[in-house]
Structure formats: structure tokens, C-alpha cells
Amino acid sequence: SPEHGSSVHEERDTKARKQTVKGHTSSSSGISPSTPTTSFRRKPSPVSPARSITPEVIQAGLEDGDAQSISRGDLHRQSSKSSDAAGSSSRRSSMKKSIRKTAPSPPVNPGILREVSEEREDHAITEPPAKTKYSSDESSDEEDTRMLEGNVYTKSGIEISRKSAGNVKRTKAEIEADPEKEDEFGYTAMKIQKKYQNLGHKVLMVTLEKDRRGLGISLAGHKDRNRMAVFVCGLNPKGAAYKNGGILIGDEILEINGCVLQGRCHLNASALIKGIIGTRFKIILYRRSKAVDDIAVKPIVQFPPTLDDVYIDYDKYKGVHEVQSQYGLGIMIIEGKHLAVGQGIFVSDIQEESAAEQAGLQVGDMILAVNQDSLLGRTYDEATELLKKAEGVVRLTVCNPNECKTEDQKGQKGKDSAASTSAAQKTPRKAVSTAKETAKAEKQNPKTSKILIGTEVAIEFQKEKDEVVGIFIAGGADTPMNGVFVLDMFPEGAAGKDGRLQPGDQILSMCNENFRSIDYEKARETILKQASGTITMTVLRHEKPAEEYEVEIQKKTGRGAGICFAAYRSGKGAYVSELTAGGNAIETGKICKGDQLIAISGLDVREVSLDDIAFHMKISNPLQLKLARYKSAKQ
């Protein structure tokens, strides 16, 4: 009957529950706590909803070792709370496998929690706080677990690797037994031997002084690509390493100046060595007899030519020396042609308190080479690229071509003295003939009369319509010249076509306008406003119209001298065309507009183009100028 069937099912369900509870409480039972019986399949109990996995609910779970420490009986007691939760337990079990750090739901028995927490406290490892140590400090037990990554500082303040022999830990007895004092990198012979005693072969340290050629060593890696090593595969006979004799082909480089190269790629090691600042290198080597067989390449016996091999003739360059400075020189360079040494790259400006200034670099220095790369024959862009690529300590080979100015000035003074003596000897002859020349000048026709030295001569020439007189003047009554002089002429102008006027001729009058006491601006306007027709002028040609003088201008960083030059129409030479208000040139009180440029730093520039003059102006500081000024003989 239905009533009988239902009672039978209830009796079976009761017996199944008792068997399940008994199986869970027994440690020897082989029945899985999550395996449901037939009755449960036919009549499943309502399952409680699974907990949502949120950051607030998930807690740090136990590691694999901690989870195994919980007894199997405790897990059975935990699952025997209710057989209805068998399905949710299986889901939590799978969740614990996928998420290792997620703990299961806490058990009811508080003793289990206490047992797990005590066991985790026993396994916890507390690390001591980090302590800054120098390489010479006594070691302690806490240092056994320290990380050997990163860098530390020695007592000398030099940064070295934690793995370096200079940072090896020693006991108090070892420190006292070491008679050698630590160097700037923390090295001593005993510390090096202790660091690499497990290698079983000879370990030694070599000290090298790097020159302009570098260390002179070639590096290679291990022939087994799975092993990293830095081997010496070549020694340049002209390099510092070969001359020292302490390094052999096949030596493995372990450290350089506190930087550990053991186990590194030789390419990275090469870049690291090039970036080391300074010229003193302390290299720790590992030497074994069969190491040559492990090098990836054959020993190198041929080396490319260096700077000294190619450019060994520095005789034509004066003041050749080497300047060393850190990257970031603080200089400006310019490409140009120097009258003494030719085309090249020169220093045009130096930043105040920069590395270049502290190293002794000067404005006007010609840069012959950057490290081992020659700049001779290089363009401005190529030189700039080489300077930008330079890393670490930058070694510049420079010369000072302006040092020749002293000798040139002495020679020029000798020539001037001889010229003045010769002029003095010829003066009486000219004085005798002056009266005759004056008489001849009075009888000459102004249209064809020649301009004689020391004689006032009247000339006439025609000016066509839409034609200019074509005279550039200098001076005036308001200038130190005390007169108006012909400075330059336009070849296509009326005066230029006439062909009798010359630069340096003093204009005494022009078209009934007296120029003896006229200001510069009024004289200029008078010449410009002349109409077409006959132009009459009275001129005087002096025997020595120009007086030479010297001036020195100290340029400030980032600023010019405050003086402008204009080129003559012939394209050679220049004269002062403008003086900047407040500039260093006008502050000297010696220079005025119209002065002719004779020399820059002892170099004659009267036959030089304006571009070359501008170049020499930029590379000279202080700017030493030799100028000439027209001056009237009648004060």
C-alpha cells in the first residue's frame, strides 16, 4: 500500500543516514564523504546556496604543507555536520584546487582553528629589518639570508655591487688577520681569495691606467652559448693591458672596479666598461690553463688603426693636449676654416661652471678627436653626433691655433718698424718734389687731373640720370677721424667709373659744400642727394692716412662682442659697420664706425672673406683686434 511504501522508504533513509555518519566518524572507512547514497539520488535534500566569492569573504588559505597537517579525522568531523551539504562541499573542494590561497569555510570546532593557527605561527619566518652595511663590517648570522642584488657603498663612497669581492662578509677574526687595508673598492687580497676560493684555480687582480687608446683588450664569450662568461681574446700591442703584462689571452674577467662581470654577456660587459668613469681600472681575473679552448673565437692578433696610427703628425698644430671631462661638456662648436690650421671643428662658446670649463677647455680650441674618433675632415653634423654618442669620461684631443698670434705679432712689429724706417729715408725726396707737384696740379684740368699725395686736387666727373655717385664714406667732424674719408666705392657708380678716387682719400669739398667741418650724417646726405650732371670735388690724398691700434674685447658667455663688420665691395676684408649699444666693444671707448679690420688674434684678415672673419670672431675669446683708422693730418 502507499502508506507501507512510504514507511519503508523512511526506514531506509534513516538507516542510510546512520551508515553515512558512522562512515564519516571512522578513520578506517573507505567511503568518500561526498558520495551520496541511492536514497539521496531519489530524494535530494535542499542544498544551501553557495557563498559568493568576494574579496571580503576570501581569506588567505593554508599552504600545501599546512593543509596536510590537519588530520583526516578532523576533516571527517567537519564534513559530518550535515550530509545535506555534500554537494556544496564538493564545489568548495574544487574551488580550493583552482584557487590555492582561498581557505575553506571555517570548521565549527574552535580547537581546530587554534591548532591550525598555532601550527602556522610555528612555520612563520620573521626577517630582520634591513641594515645598511659597508664592506668592512663584521658579518653576522642575520646576513646569511640577505639578498645579494643591488649595490652598496664602500667606505670611500664608491658604489659597488653587493656580489663584489669588496663586499664579501668576514668574521671578526678574519678582519683582524688581514694586514692589507681595503682600497677604494673594498678590495684586499684575502677578500678576493675568500670570494672566489671555490673556483679552484688562480684568481688575481691587475691594476691598469687607461690612456687615449683605452685598455687595449678585446672581449669574447663562451663557445657554449648556454654559459655566460667574459674572456680576454686579444691584447692590442699598443694598449695599456699589453704594456702592463698582467693580463693574458684566455683570462676570464670576474670584476672591474666593483662591477661583477662573472656570468654576464661579453657585449654587456664591453658597454659597462666603456661607461666606467675614471682612468684607473682594477680587474679581477680568473686564470686557468685550458681556458683558451673555451673562447668562442680565435685569439685576435690584428687590430684596427687607432687615432695615433692614422694622424701622427701634430707638428702643424700648436698647443696639442688632451682634456678629460664627464659627459655633458657644456660647449658650443662651429665648423670653419682657420687661417693657421685650415678646416676643422672649433669651440665657439663654453658654459660657465661647466665640465668643459673645469677641465680647462678654451674658446677657440680646435677639437682634433673625441675619445678615439678623429674629427679632422668631419662636418659639423658628424662632429655633433660623435659628441652626443660619447658616454662616461669624454677625452678630447685639442690644440690652440691662436697661440701663433704672439709670433705673428712680433714679426708684424718688425715689418712695421722696417717700413717706417724706409718711409723716413724717402721723406726728404718727396718733400723736395712737393713744390713741383703742386705747381703741376694747379695747371691740370679737373676732368683729367691726377690725385697726388699731399696735394689738394680738384676733380670733376659726370653723373648720369638714375646713377649714383657710389661713394661710401667714414668719419666727420663729430668723429675721432676729424674729416670725411672715402671708405669704399661702388664699381658701377659715377665715381667708380671715373676711377681716380681711392679708399683713404679725404674729401675737402663737394659741389660747393665744405666737408672740412661737416658731420657724418650731413656729409652722407649731401652725397646721396646729388643730381645728375657734373660733380666737382676737392680731395687730399695722405701719405699715411690710416693709424693702427689694438683693442681686446672680453666676450661674455652666450653673448657676442657687440660689434658688426661689413665687407668691402671687392669681397676681401671688412670694416666696422655698427656698434651695439651697451656692448663690450663700445664700452672700450676705442672703436668707431668706419675703422678697418687688420687682424684677429694676430692673423691678418685684410684678404679674407667676411664669412671667415665671422668664424674667427666666434672662436676667439678674448677677442684681440687690430684696427686701422683714417685720420686727417690737419687737426
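These legends describe close-up views of a predicted model. Residues are numbered from 1 along each chain as its sequence is written, and side-chain values use heavy atoms, leaving out hydrogens and water. Because the model is predicted, local features need pLDDT of at least 70 and side-chain atom pairs count only at pLDDT 80 or more, while totals for chains, interfaces and linings use all residues.

**View 1. A patch of negative charge on the surface.** Glu335, Asp381, Glu382 and Glu385 gather here. Patch members have over 30% relative accessible area and no salt bridge; like charges are joined within 9 Å, and nonpolar side chains (Val, Leu, Ile, Met, Phe, Trp, Tyr) within 5 Å. Asp and Glu count as negative, Lys and Arg as positive; His and the chain ends are not counted. Each charge is placed at NZ of Lys, CZ of Arg, CG of Asp or CD of Glu. Areas come from the Shrake-Rupley method with a 1.4 Å probe, and for residues only the protein chains shown count as cover. Helix H13 (residues 380-389) supplies the largest share of the patch, three residues. Helices (H or I, at least four residues) and strands (E, at least two) are DSSP runs, numbered from the N terminus. Asp381 lies in H13. Asp381 counts as exposed because its relative accessibility is 59%. The classes are buried (under 20% relative accessible area), exposed (over 50%) and partly exposed (in between), with a 1.4 Å probe and protein chains only.

View 2. A salt bridge places a side-chain nitrogen of Lys or Arg within 4 Å of a carboxyl oxygen of Asp or Glu. The count by this rule is 18. Arg170 meets Asp178 at 2.8 Å, N to O. Arg170 is buried because its relative accessibility is 6%; Asp178, at 9%, is buried too. Lys191 meets Glu182 at 3.0 Å, N to O. Both Lys191 and Glu182 are buried.

**View 3. A salt bridge between distant parts of the chain.** Glu456 pairs with Arg516, with the closest N and O atoms 3.4 Å apart. Glu456 sits in strand S15 (residues 456-463), and Arg516 in the loop between strand S19 (513-514) and helix H16 (520-528), 60 residues apart. Glu456 is partly exposed at 37% relative accessibility, and Arg516 is partly exposed at 40%.

**View 4. Aromatic pairs.** The whole structure holds four aromatic pairs. Phe185 and Tyr187 form a tilted pair, 6.1 Å centre to centre with 40° between the planes. Both of these residues, Phe185 and Tyr187, are buried. Tyr568 and Tyr575 are also tilted, at 5.2 Å and 55°. Tyr568 and Tyr575 are both buried. Rings of Phe, Tyr and Trp (its six-membered ring) pair if their centres lie within 6.5 Å; planes under 30 degrees apart are stacked, over 60 edge-to-face, and the rest tilted.

**View 5. Backbone exceptions.** Most residues other than glycine have a negative phi, and most peptide bonds are trans. Asn621 and Pro622 are joined by a cis peptide bond, with omega about 5°. Pro622 lies in the loop between helix H18 (610-618) and strand S26 (623-630). Asp466, not a glycine, has a positive phi of about 60°. Asp466 is exposed, with 77% relative accessibility.
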